[in-house]
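Here is a short briefing for a first look at this structure. Keep the 3D view open while reading.

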Amino acid sequence: MAAAAGSLVAAVLAHSGRLDKEDLGSRIARLSRRVEELKAGAGPGPRPRPGRRAARGVTVPPRVPQGEVCNVITKKYSEFLPSLQSAEELVAQVERLAGSIDALRARIESEVQRDLDVAVAEFTELKQQLERDTLVLSILKKLQEFDTAIKEYNTALLEKKYVAAAQQLEKARRSLKTLESRKGFELKILKALGTELTVQTQNMLYHLGEEWQKLVVWRLPPSKASSSLESALASELHLCTVPSEEGLAGPPVASVLQAFAVLGELHSKLKTFGQLLLKHILKPLISYSSLRPLVEEQSDVVILRFKSEEPNLDNTSPVEVFEKIKQILEFLHKYLLNVPLEGVDDKKECRVILSELLGDIIWEELSDCLIQNCLVNSIPTNSSKLEQYVEVIKSTEEFEKALKNMQFLKGDTTNLLKYARNVNSHFANKKCQDVIVAARKLMTSEIHNTVKISPDSSVALPRLPDPGAGDHLKMEKTSKLLHNEMMILENDSKLSQHTFSLPACRISSSVEELMDLAYQTLLEATASTDQCCIQLFYSVRNIFQLFYDVVPTYHKENLQKLPQLAAIHHNNCMYIAHHLLTLGHQFRYRLTSILCDGTATFVDMVPGFRRLGMECFLAQMRVQKGEILERLSSARNFSNMDDEENYCAANKAIRQVLHQLKRLGKVWQDVLPVNVYCKAMGTLLNTALTEIVTRITALEDISAEDADRLYSLCKTMVEEGPQVFTPLPEEDKNKKYQEEVPVYVQKWMTFKELMIILQANLQEIVDQWADGKGPLAAEFSPVEVKSLIRALFQNTERRAAALAKIK
């Protein structure tokens, strides 16, 4: 128990800093009560009540003797008593300490806290007042700096010390900017100060502008004058080289430019100067080859003007243009731009390179002008001249190197040099563009200007080099061996040398030139680089694709109205298709290896061109057929020919058809190939004969006079119809084709049999039928013959017998 009490006291001492008087007292009281309870419990314990038994299953501990318990309690009490006394003394000390703490707390709350609040409030107020005073002091200091800067600016401006004046204006601007940045501290005077600064800045710029105009003087033609050689010759640039003896007359160029730099106006001033330089000096030098720059030095001024030499009709070479541009820039670098601009700012040095700044402003536009008006025109039009272009590339490199030395350009490669070095690509592009332009010009030219081609006429094909050695040569040798081995299988009969030739006809001279252009372009491709070769090859394909799209559209109206042009267009398409069959094969092994794997071919375009020519000619044939049928429609169905008016109408229709066919024969004569000519004329004549036969066989009643007159009309067709076959200008050579009319006119024999029926009797008709085996049966059906017999003959027994035999 003493140990427990000691632990409790130790705990109290350990935590005395955290316990108040009430807590300590209450704990000691509880401890005392516990001790008393222990003393009271030392006597004999309560005896069990009689008559009661212990609970079943509960073990009763053995009874301790009473004397032994008393001895233990007495021993514990004697051990605890000193600890209790010490604890009571400690409680007294704690009560005294708690009283002191209460007194100190009351004093702090009543006196010290009040004084502390007052001190904090005073400190805060003083601090705020200090900040306000500091702000006011800084504002006043900036106002003083602004005022001082403006005063010094005015003094420097009067003395024409423009750099110092500009620097003072910048100081004033920075001071004003600082004042305006103070939030919550607005001054009405700031607006007035800003206005004053703006006025003084504009005043400064005005004076600088006046001085700049004295240093750099442009003598230009009137603004209304057009941009021409005369206006360029009237343009001059005057640069003041030295200041006058009096200091007030004008500062040197360095101070003016440096002042512009300080005020931030140097870029805009040089931009204006650069635009004038481009318009009146540099671009005219590029555009007019006769201009030469002329520099004239005087005592205080140097003058740049132009002189004119004999005009060069050819485009000016880039070497000459670069030399003239370099001369102009060297002049500017020497007399205007080679001045140091340093000390722009008091705090840091700022170095402005005038030539670099001007170069950044004008170089992009200048290089574009050099490319478009100089380098583009210098690109060779023939691959053999590409080697000579090395001089242009070298000149471009030297030109840019000189500009970099004068600091007009930075170290990076420019578009000008890239363009010059990429000459192969530009050559290919230019060549392809020229080819397409030339081809389009030929396609839009007149079609009726023709030339005669024949199997005997030799085509002016370019002479190609021998194919290279290697696989291609082996292939040729192999093919020759196979050819020799197969000779024994050939027939003794040989094909004509003209078997695969295009038949004689007329084509447009423009198409012949177009094909020659295609051959020459492919020949050019064989001597070009791989990339250029590919571009040129596909340009040739584009030529033919352009023809396919342009010609039918551009000449659409004439092709529909004029039969001769339709025939020429048909020949043109067949001529092109004929060459396309072998064009790719001729150049296959002489183009780049990329195109040798079956790509270099034009065979895929052949069906399209054949179809294009046939469709145009067939459309014209349909027009002519329509006109023939329209004329025959005025023949009044060839009925009632005994009526003079009907006969005249029918005769007129026949004459109009024959006239139309003869006119077409003359128009197509010596234009179409003979076989195409005969087929076309035979088809049209067959259309007329078929229409006449159809109308006559449809008649229900034909009198004897009608039959005679119908026979007369048909005889006219038979006699004059063959005369429309005149494919050749030589009359004696046309008889062959006039005799072969039945070959080309399908209904010719039918028509002649109709004429026989119109003049024959019943027996003759039956004989011509010959039980379905005669010539009449070969041309007419039984129904048609019976219809004609009923229309021609009266209803008699003889007619009935004749009709019975027609079956």
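Of the 807 residues of the protein chain, 40% count as buried. The model is a predicted one. Its secondary structure comes to 29 helices and six strands. Among contacts in the protein chain with a separation of 6 or more, 76% are between residues 24 or more positions apart.

**The four-stranded sheet**

- Four strands make up an open sheet, in the order β1-β2-β4-β3, with antiparallel pairing.
- The edges are taken by β1 (216–219) and β3, each with a single partner strand, so one side of each has no neighbour in the sheet.
- On average, neighbouring strands of this sheet are turned by 20° against each other, direction ignored.
- Strands β1 and β2 run antiparallel and are joined by four bridges. Across this pair, R219 stands opposite E236 in β2.
- Strand β2 (residues 236–240) pairs with strand β4 (residues 301–308), again in the antiparallel sense, over four bridges. Here L239 stands opposite V302 in β4.
- Strand β3 (residues 291–297) pairs with β4 over seven bridges, in the antiparallel sense. L291 stands opposite S308 in β4.
- β3 and β4 form a hairpin, and three residues lie between them.
- In a regular strand, side chains alternate between the two faces of the sheet.

**Helices across the sheet**

- Which strands does α8 lie across? It lies across β1, β2, β3 and β4, and runs at about 50° to β1.
- Helix α9 (residues 318–337) also lies across β1, β2, β3 and β4. Its direction is at about 20° to β3.
- Helix α8 (residues 266–287) has 22 residues. From first C-alpha to last it reaches 30 Å, close to the 32 Å expected at 1.5 Å a residue.
- A bend of about 45° falls at L278 in α8.
- L278 is also one of the buried residues of α8. Others in that list include L266, L270, F273, G274, L277, H280 and I281. Towards the end of the list come L282, P284, L285 and I286, buried as well.
- An α-helix has 3.6 residues a turn, so residues three or four places apart point the same way.

**Helix α18**

- Helix α18 (residues 563–587) has 25 residues, which should span 36 Å at 1.5 Å a residue. Its end C-alpha atoms are 37 Å apart, which agrees.
- α18 bends by about 30° at L580.
- How many of the 25 residues of α18 are buried? The count is 20, so α18 is largely enclosed by the rest of the structure.

**A helix pair: α26 and α28**

- Helix α26 (residues 762–769) packs with helix α28 (residues 782–792) at an angle of about 170°. Their axes are 12 Å apart.
- That angle makes α26 roughly antiparallel to α28.
- On the α26 side, the contact is made by L762, I765 and W769. On the α28 side, it is made by P782, V785 and I789.

**Single residues to look up**

- S395 sits in helix α11 (residues 390–405). Its relative accessibility is 10%, so S395 counts as buried.
- Leaving out residues up to four places away in sequence, S395 touches P318, V319 and F322.
- Q407 is in the loop between α11 and α12 (415–421). Its phi is near 70°, a positive value in a residue other than glycine.
- Is Q407 buried or partly exposed? With 37% relative accessibility, Q407 counts as partly exposed.
- A770 lies in the loop between α26 and α27 (775–779). A770 is not a glycine, yet it has a positive phi of about 55°.
- The relative accessible area of A770 is 31%, so A770 is partly exposed.

Definitions and conventions: Residues are numbered from 1 along each chain as its sequence is written. This is a predicted model: local features need pLDDT of at least 70, side-chain atom pairs count only at pLDDT 80 or more; totals for chains, interfaces and linings use all residues. Side-chain values use heavy atoms; hydrogens and water are left out. Helices (H or I, at least four residues) and strands (E, at least two) are DSSP runs, numbered from the N terminus. The expected span of a helix is 1.5 Å times one less than its number of residues. The bend at a residue is the angle between axes fitted to the seven residues ending there and the seven starting there. Buried means under 20% relative accessible area, exposed over 50%, partly exposed in between (1.4 Å probe, protein chains only). Two strands pair if DSSP finds at least two bridges between them. Contact means heavy atoms within 4.5 Å. Axes are lines fitted to C-alpha atoms, for helices over the stretch in contact, and angles run from 0 to 180 degrees between N-to-C directions. Angles under 35 degrees count as roughly parallel, over 145 as roughly antiparallel, 65 to 115 as roughly perpendicular and the rest as oblique.
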